[in-house]
Amino acid sequence: MKDTSSGSIPTDLDTVELQLRWGDLDTNHHVNNVQFARLFEEARVRTVTRWFATQGRSTGAFHLARQEIEFVAPLYYGPEPVTAKVWISRIGTSSFDFGSELRDGKGNLVGLCETTGVMIDPETGGTRPVPDAVRDLLEAKMADPVPFRRRA
């Protein structure tokens, strides 16, 4: 596990490039807040697919239980792709958290996200512990907690 004392995001995380679409804009001429959730989702799905494809393992079934997004700065449309970094910020008994950051085409931080996944038993629909093989892979992807600005 990486040192989390600094509160910063390591630079060696998995990065995904995402192309913005003109239709992502709202009447304020910036990317709509709902689109941030979709961008974070696309980055998370691509990253998990890549992680487990290279390991030759399936994640098993997991559902999303929670998501928190901090809108750091407006994101404006541009031809250059935005970049998202994805990592694991916490692993519990049956759940784990994805940390994510989103940067505009110039490299400016525009959003932070933390999403909780919960392992599901496909037969019962109830929660189940994170399987050892999955836990091993997730632990290899651990990094700092998401550096949200906390309210006092």
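Here are some notes on this predicted model, going from the overall fold to the sheet, the helices and the cores.

1. Overall layout. The protein has two helices and five strands, and along the sequence they come in the pattern β-α-β-β-β-β-α. Of its 152 residues, 42% count as buried. If you look at contacts between residues at least 6 apart in sequence, 70% of them join residues at least 24 apart. The exposed surface comes to about 8,400 Å², with carbon and sulfur atoms supplying 49% of that.

2. The sheet. All the strands belong to one story here: five strands make an open sheet, ordered E1-E3-E4-E5-E2, with antiparallel pairing. Strand E1 (14-18) and strand E2 (62-71) are the edges, each pairing on one side only. Going from one strand to the next, the twist averages 25 degrees.

3. E3 with E4. Strand E3 (residues 82-91) and strand E4 (residues 95-103) form a hairpin with three residues between them. Their antiparallel pairing runs over eight bridges. Two pairs to pick out in the viewer: Ile 88 has Phe 98 as its bridge partner in E4, and Ile 91 has Phe 96.

4. E4 with E5. On its other pairing, E4 meets strand E5 (residues 109-119) in the antiparallel sense over nine bridges. Gly 99 stands opposite Glu 114 in E5. This is a hairpin too, with five residues between the strands, and Gly 107 in the turn has a positive phi of about 95 degrees.

5. How enclosed is E4 by the rest of the structure? Eight of its nine residues are buried, so E4 is largely enclosed.

6. A backbone angle to look at. His 29 has a phi near 65 degrees, which is positive although the residue is not a glycine. His 29 sits in the loop between E1 and helix H1 (33-55), and this residue is exposed, with a relative accessible area of 61%.

7. Helix H2 and its two sides. In H2 (residues 132-140) the buried residues are Val 134, Leu 137 and Leu 138. They span an arc of only 100 degrees around the axis, so they lie on the same side of H2. The background is simple: an α-helix has 3.6 residues a turn, so residues three or four places apart point the same way. On the face turned away from the buried side you'll find the exposed residues Asp 132 and Ala 140.

8. The largest nonpolar core. This core has 28 residues, and the members touching the most others are Trp 51, Leu 75, Ile 88, Phe 96, Leu 102 and Leu 138. At least two residues come from each of E1, H1, E3, E4, E5 and H2. H1 gives the most, with seven residues. As a rule, nonpolar side chains in soluble globular proteins tend to be buried together.

9. Leu 138 up close. Which residues is Leu 138 in contact with, leaving aside its neighbours within four places in sequence? They are Trp 51, Ile 88, Ile 91, Phe 96 and Val 130. Leu 138 is also one of the buried residues of H2, and Ile 91 and Phe 96 are the bridge partners from point 3.

Conventions:
Residues are numbered from 1 along each chain as its sequence is written. This is a predicted model: local features need pLDDT of at least 70, side-chain atom pairs count only at pLDDT 80 or more; totals for chains, interfaces and linings use all residues. Side-chain values use heavy atoms; hydrogens and water are left out. Buried means under 20% relative accessible area, exposed over 50%, partly exposed in between (1.4 Å probe, protein chains only). Helices (H or I, at least four residues) and strands (E, at least two) are DSSP runs, numbered from the N terminus. The arc is that of the directions from the helix axis to the C-beta atoms. Two strands pair if DSSP finds at least two bridges between them. Axes are lines fitted to C-alpha atoms, for helices over the stretch in contact, and angles run from 0 to 180 degrees between N-to-C directions. Contact means heavy atoms within 4.5 Å. Accessible areas come from the Shrake-Rupley method with a 1.4 Å probe; for residues, only the protein chains shown count as cover. A nonpolar core is a set of buried Ala, Val, Leu, Ile, Met, Phe, Trp, Tyr and Cys residues joined through side-chain atoms within 4.5 Å.
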